[in-house]
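I opened a notebook for this structure. The entries below follow the order in which I looked things up.

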Amino acid sequence: MRLISKYRTNKKIREQIDNCLAKMQRIYANHGTGSKYDVGEKKSEETAKLKERIKELSPIFYAQIYPYKNGED
């Protein structure tokens, strides 16, 4: 039996996860640039918070985008 994530079935959760993914993209894209979106040394901390939020919203989707146990980059 194939499990379907809340990301695919719940529009509100999908929007929240997409928002987290957009924030993560902004963090990675601006890391080390000195721009207003550069979080500097807090990169790991900030992305960990966003990953945890995604995991709370849809554990199945989280497992699909981070298939390794530790979820490292």
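Which residues is Met24 in contact with, leaving aside its neighbours within four places in sequence? I list Thr47, Leu50, Lys51, Ile54 and Tyr66, where contact means heavy atoms within 4.5 Å.

Ground rules. I note that this is a predicted model, in which local features need pLDDT of at least 70, side-chain atom pairs count only at pLDDT 80 or more, and totals for chains, interfaces and linings use all residues. Residues are numbered from 1 along each chain as its sequence is written, and side-chain values use heavy atoms, with hydrogens and water left out.

Overall layout. I find four helices and zero strands, with the elements running α-α-α-α from the N terminus. Helices (H or I, at least four residues) and strands (E, at least two) are DSSP runs, numbered from the N terminus. The C-alpha trace spans about 45 × 25 × 15 Å along its principal axes. Of the 73 residues, 26% count as buried; buried means under 20% relative accessible area, exposed over 50%, and partly exposed in between (1.4 Å probe, protein chains only).

Helix 3. I checked its length: at 1.5 Å a residue, the 15 residues should span 21 Å, and the end C-alpha atoms are 21 Å apart, which agrees. The expected span is 1.5 Å times one less than the number of residues. Its buried residues are Lys43, Thr47, Leu50, Lys51, Ile54 and Leu57. Seen down the axis of helix 3, these fall within an arc of 120 degrees, so they line one face; the arc is that of the directions from the helix axis to the C-beta atoms. An α-helix has 3.6 residues a turn, so residues three or four places apart point the same way. Ser44 and Glu56 are exposed on the face turned away from the buried side of helix 3. The cover over its buried residues includes helix 1 (6–9), helix 2 and helix 4.

Glu41 is exposed, with a relative accessible area of 82%. Glu41 and His31 are ten residues apart in sequence and 8.9 Å apart in space, C-alpha to C-alpha.
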